[in-house]
Amino acid sequence: MANITFSGLNMGKDITVYGTAGDTGTLLAIAKKHGIPIPFQCQDGECGSCLVKVTYLDDKKPLAISLSEKEKLTLSVNGKLTRERLEQAEVNDLPPPYRLACQYIVRDENILVEFTGDPGVEIDLRRPAKK
Ligand code: FES
């Protein structure tokens, strides 16, 4: 199905898991199944604590996204979904870079998932330069 690489500031190293055909749940469900410490609280798209940055690693256009009204609102309130990005999502079906792990349905795509590991810390996911 897909390789999902998790990269978190509180993890010693990146971890890649293979999403199998039965893994049709949310990104948060897959992370929990594999012991990946993505923060979460409500698990219902309302608190924003499971905010992640998703980067598509395949050379093809990302598959159709499912951005619910709840996710749009929570991302907007947290300043992670600009009006421009919202329009791109609604008109061109282009996924925004920030998503809620509890709302994101994993597809047959290779993705990199970055998160801070601390729900109280403003997310800044610029990767440090490799030495
Ligand atoms: S856990 Fe609250 S929005 Fe995902």
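How many bridges join strand β1 (residues 2–8) to strand β2 (residues 15–19)? Five bridges join them, and the two strands run antiparallel. This is a predicted model: local features need pLDDT of at least 70, side-chain atom pairs count only at pLDDT 80 or more, and totals for chains, interfaces and linings use all residues. Residues are numbered from 1 along each chain as its sequence is written.

**Fold**
- The protein has three helices and five strands. Both are DSSP runs, numbered from the N terminus: helices are H or I with at least four residues, strands are E with at least two.
- Along the sequence, the pattern reads β-β-α-β-α-α-β-β.

**Sheet**
- The five strands form an open sheet with mixed pairing, in the order β2-β1-β5-β3-β4. Two strands pair if DSSP finds at least two bridges between them.
- β2 and β4 (98–100) are the edge strands, each pairing on one side only.
- From one strand to the next, the twist averages 35°. Axes are lines fitted to C-alpha atoms, and angles run from 0 to 180 degrees between N-to-C directions.

**The β1–β2 hairpin**
- A hairpin of six residues connects β1 to β2.
- Asn-3 has Tyr-18 in β2 as its bridge partner.
- Thr-5 stands opposite Thr-16 in β2.

**Burial and contacts**
- Of the 131 residues in the protein, 27% are buried (20 or more other C-beta atoms within 10 Å of a residue's own, with C-beta atoms placed from the backbone).
- Among contacts (C-beta atoms, placed from the backbone, within 7 Å) between residues at least 6 apart in sequence, 69% join residues at least 24 apart.

Conventions:
Buried ≥ 20, exposed ≤ 12 C-beta atoms within 10 Å, placed from the backbone. Contact = placed C-beta atoms within 7 Å.
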